[in-house]
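Please open the structure in your viewer and keep the selection tool at hand. The tour below moves from the whole chain to particular residues, one selection at a time.

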Amino acid sequence: MATTGTAPGGQVHRAVLPAVMLALATVVSAVASLNTAIPSIARDTRATQTQLSWIIDAYALVFAALLLLGGAIGDRYGRRRALAAGLAIFGAGSAAAMFASDPAWLIAMRGVLGVGAALVMPATLSTITSTFPPRQRTRAVGAWAGVAGASAIFGLLVSGSLLEQWSWRSVFLLNIVLAVIAFAATLAVVPESADADAPRLDLTGALITVVGLGAGVYSIIEAPTEGWTSARTLVGLGAAVVVLAGFVGWELTRRNPLLDPRLFRHRAFAAGTLSITVQFFAFFGFVFIVLQYLQLVKDHGPLLAATCLLPMAASMMPSARGIAPRAAAKVGPRRVIVAGLILVSVGLLVLSLLDTGSSYWVMLGGLVPLGAGMGLAMTPATASITDALPAEKQGVGSAMNDLARELGGALGIAVLGSVLQSGYRSNLDTTGLPGPVAEHARTSLAMAAHAGPQVMRQAQAAFADGLHTALLSAAIVLAVTAVVVGVLYRRPEPEAAAGERAGREAAAEPAS
């Protein structure tokens, strides 16, 4: 029997929701918050562009790879325990990262933060669904979704404000403060809840996921240095495909898999998952690139750079909360999701035109359709994931939605960051520079500043060329995804998948 945290009278402590919202905001904001600090980290630690990609992506990658396992741990051993343990790991990792002077150590500690986040995020939602009575649950889940969506922008603005006065280390200090407050609130007001019937943990499946995703992302991030057609890159990508195929095979043999591959036979589920993944691929990859552009090419301060992105959030929120639900109810989710993806593609296409002399009007012309498109596509895509599954599988739907977001973000930073770096290195002319100076300039735009103003101007132009290639590539990916999602929704549900689903539901009835 599952334990719950409702009081004898059926009421939930009024502080439970703020406590889990704070824990959620702590780990979600950290995905984006360090982006504003990339230029100062590069200057202080002399990190290369590849290392900068790893500093940002180590967190997102570990977060995504362990998310399903983290949710399973909370269900089996207690969500309150998972919340507290995750916040403790997150805070300790932030404390260690705050004193880092070496890029490798900073990358490692960002990975530790990802472990903590993977325990926290699924526990916040499952605490709500297992603790709140039905009449309060809908509003609580709505608040959870709002905080999950707004925390990335919150992280950018707060970290930008801190960086106006202090160094990049203050961002990790903020993590510590938030984690400590959330940890104390969790222990004080969050009730313990667990599922006594939760299956054994699939540790083998989790390990295979980490190895497969790690090999793939490592190969992508290192490709600009090693070469996209080098043996090391191709072998790494091939190994990732083989390992992840092995994960699918392994999960098909499990009675209680971390992720049942058969779920993707449901076309609405597959289409919604693909849409969410690619949206966040574009979003986090864009944020990683454009904040460097604003600070290192346009010479904006951290807070101004973060503020420049607010029109994206301003167009995203009304689109997600008001327009998308009404439009989906009227014309169906397929048309709304496809229209949203096309808008995101158009926004990225406009943003790919940015160069060293572009005015803010060019950026504004891309940010508005980018935000509106994400809001339009995100809400019906999320509903498609959950509506495709029966009631007893709603926890899987929520976990898949979270996984799609974080995995898409990790891949976006890796892929678009690598395309940017490849374009930057190939377009930077270092003729006539001494060997060591030329190599420093090639490592990153921030390091090119040490080579003098003339080299810096050339490096800024090369960065803009790389930005153009990366965002144009992302626009193409979004356009292709819009076509694929449209096809998936048009094609009828396979009879085998429908029959399997009906069979599972029928088999579950005698046991209920």
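**The whole protein**

The protein exposes about 20,600 Å², and carbon and sulfur atoms supply 65% of that area; accessible areas come from the Shrake-Rupley method with a 1.4 Å probe, and for residues only the protein chains shown count as cover. This is a predicted model, in which local features need pLDDT of at least 70 and side-chain atom pairs count only at pLDDT 80 or more, while totals for chains, interfaces and linings use all residues. Residues are numbered from 1 along each chain as its sequence is written, and side-chain values use heavy atoms, with hydrogens and water left out.

Colour the model by secondary structure: it comes to 19 helices and zero strands. Helices (H or I, at least four residues) and strands (E, at least two) are DSSP runs, numbered from the N terminus. Of the 512 residues in the protein, 54% are buried. Buried means under 20% relative accessible area, exposed means over 50%, and partly exposed lies in between, with a 1.4 Å probe and protein chains only. Among contacts with a separation of 6 or more, 83% are between residues 24 or more positions apart; contact means heavy atoms within 4.5 Å.

**First selection: helix α12**

Select residues 310-331, which form helix α12. This helix has 22 residues and reaches 30 Å from its first C-alpha to its last, close to the 32 Å expected at 1.5 Å a residue; the expected span is 1.5 Å times one less than the number of residues. Where is the kink in α12 centred? It is centred on S319 and amounts to about 45°, the bend at a residue being the angle between axes fitted to the seven residues ending there and the seven starting there. S319 is also one of the buried residues of α12, which include M312, M316 and A328. After the helix comes G332, whose phi is positive, near 95°.

Now select P325, also in helix α12. P325 counts as partly exposed because its relative accessibility is 35%. Not counting residues up to four places away in sequence, P325 touches S319, A320 and T379.

Move to Q295 in helix α10 (residues 267-297). Is Q295 buried or exposed? Q295 is buried, because its relative accessible area is 8%. Its contacts, not counting residues up to four places away in sequence, include N35, T36, P39 and H300.

A search of the whole structure finds one salt bridge, defined as a side-chain nitrogen of Lys or Arg within 4 Å of a carboxyl oxygen of Asp or Glu. Select E192 and R81, whose closest N and O atoms are 3.4 Å apart. E192 lies in the loop between α7 (169-189) and α8 (203-226) and R81 in helix α4 (residues 79-98), so the pair ties together parts that are 111 residues apart in sequence. E192 is partly exposed at 23% relative accessibility, whereas R81 is exposed at 55%.

**Last selection: a nonpolar patch**

Finally, select L349, L472, I476, V480 and V484, which form a nonpolar patch on the surface with about 390 Å² of accessible area together. Patches are made of residues with over 30% relative accessible area and no salt bridge; like charges are joined within 9 Å, and nonpolar side chains (Val, Leu, Ile, Met, Phe, Trp, Tyr) within 5 Å. Helix α18 (residues 453-490) gives the largest share of the patch, four residues. L349 lies in helix α13 (residues 333-351) and is partly exposed, with a relative accessible area of 44%.
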